[in-house]
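Please look through the structure shown below, and then read the briefing that follows, which is grouped by topic.

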Amino acid sequence: MAQSPESSSLESFRDPILGDAWGELGAVRRTARRDGKWLADVRLGYPVAGLEAEYARAVSEWLGAEVELTLAFEAPRAKGMDGVKNLITVASGKGGVGKSTTAVNLALALDRIGARVGILDADIHGPSQGIMLGVAEGRRPEVRDERTFVPIKAHGIEAMSMSMLVTERTPMAWRGPMASGALQQLLKQTAWGGLDYLIVDMPPGTGDIQLTLSQSAPVAGAVIVTTPQDIALADARKGIEMFAKVNVPILGVVENMSYFDCDGCGKRHHIFAAGGGGRVAEEYGAELLGAFPLAPAIREQTDAGRPTVVSDPDGEIAALYRDTARRMAALAWRTLQRAAPAPTIRME
Ligand SMILES: Nc1ncnc2c1ncn2[C@@H]1O[C@H](COP(=O)(O)OP(=O)(O)OP(=O)(O)O)[C@@H](O)[C@H]1O
Ligand SMILES: [Mg+2]
Ligand SMILES: [Zn+2]
């Protein structure tokens, strides 16, 4: 039997990404009837560009009546940082698994689906975001009032990295405390321009820098990047447990270099064993946010300063980054709403 589209029934519609009722999420703003049609205004805490038609269909089907749906996005505001609503770190215990590649593509994907985004390269020793975003060597951020840096704009997002403050020949052999100090400066002295999300690309490991960040900034959540091999998974677990200790919620796990679509035989090869990222996520009650192929194009595009989301926006991989970014943002929203620290961590 068809329900009438009153707000009460729209409130019980389950969000397609989160599975929670829109009512519980406080998403339904207004419903009205005009010219034989139902109108509904819904505000979600994750970027909604590109979803309207799909959600309108789902809602109309749920209510058994035609609904004209207007979707709006308003990022939730985590406490504590000027110019940034949500700070999300992209991390892993292990080096070289694709944190920076994932971070920059997720940041660009969030921008493309309608959010205001910045990226902070917290890798003081081996920064990579300048190159990945195609920022010319030697380009420096403007300094405002002799004390704050104005981030550099690249492909629509704001970016700040140690590589934009030192020259190629400046050694970056910072000792621990100096590196932490440099990161704190980057955090505190950058004038972010009203961001919905600041994505922080973390260096490998579970040391000083990671602790500095979680202690000196309000981290809304962490995304753990891993490859499917056992050795990477072990480090991913260490990363998750480190964040748990400092009460940073884990938003989910991204499995990178998950498979290879072979142009030789046409099959999908799981080069580093299958499903490890999903298993680690499950162990900690977290979600697998996405699994990305080992694809030469990802490396080539990122090395050339035009990450996949920018170079091949209509391709499958870019779509996967957008879906993953949206899911990550949705989980950040829900985490904040539930306002319990680290709700998804189960220590074993
Ligand atoms: N899915 C992928 N397919 C192919 N190449 C990839 C993929 N992800 C990352 N790479 C490449 O792997 C290398 C390491 O990636 P990246 O620098 O993002 O890793 P990282 O975890 O940030 O490393 P570090 O620990 O040094 O900071 C880079 O050359 C990158 O282009
Ligand atoms: Mg990196
Ligand atoms: Zn093959």
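**Briefing on the predicted model**

Strand S8 and strand S9 (residues 157–161) pair in the antiparallel sense over three bridges, where strands (E, at least two residues) and helices (H or I, at least four residues) are DSSP runs numbered from the N terminus, and two strands pair if DSSP finds at least two bridges between them. This is a predicted model, in which local features need pLDDT of at least 70 and side-chain atom pairs count only at pLDDT 80 or more, while totals for chains, interfaces and linings use all residues. Residues are numbered from 1 along each chain as its sequence is written, and chains are lettered from A and ligands numbered from 1 in the order in which they are written.

**The eight-stranded sheet**

- S8 and S9 belong to an open sheet of eight strands with mixed pairing, whose order is S8-S9-S5-S10-S4-S11-S12-S15.
- Strand S8 (152–154) and strand S15 (288–291) stand at the edges with a single partner strand each, so one side of each has no neighbour in the sheet.
- From one strand to the next, the twist averages 25°, with axes being lines fitted to C-alpha atoms (for helices over the stretch in contact) and angles running from 0 to 180 degrees between N-to-C directions.
- Helix H7 (residues 230–245) lies across strand S4 (84–91), strand S11 (219–226) and strand S12 (250–255), and its direction runs at about 170° to that of S11.

**The three-stranded sheet**

- Another open sheet has three strands in the order S1-S2-S3, again with mixed pairing.
- Its edge strands are strand S1 (28–34) and strand S3 (67–73), each of which pairs on one side only.
- The twist in this sheet averages 15° from one strand to the next.
- S1 pairs with strand S2 (residues 37–44) in the antiparallel sense over six bridges, and Arg33 stands opposite Trp38 in S2.
- Helix H2 (residues 52–63) packs on this sheet, where the helix touches S2 and S3 and makes an angle of about 130° with the direction of S3.

**Domains and overall form**

- The domain assignment, which is automatic or taken from a database, gives domain 1 (7–73) and domain 2 (84–338) for the protein chain.
- The centres of domain 1 and domain 2, taken over C-alpha atoms, are separated by 31 Å.
- Eleven residues from domain 1 and eleven residues from domain 2 take part in the contact, two residues being in contact if their C-beta atoms, placed from the backbone, lie within 7 Å.
- The secondary structure of the protein chain comes to eleven helices and 15 strands.
- Along its principal axes, the C-alpha trace of the protein chain spans about 70 × 55 × 40 Å.

**Around ligand 1**

- Among the 21 residues around ligand 1, those that come nearest are Gly95, Gly98, Ser100, Thr101 and Arg299, and a residue is near a molecule or strand if its C-beta atom, placed from the backbone, lies within 6 Å of it.
- Helix H3 (99–112) and helix H9 (296–303) each supply at least two residues of the shell around ligand 1, and H9 gives the most, with four residues.
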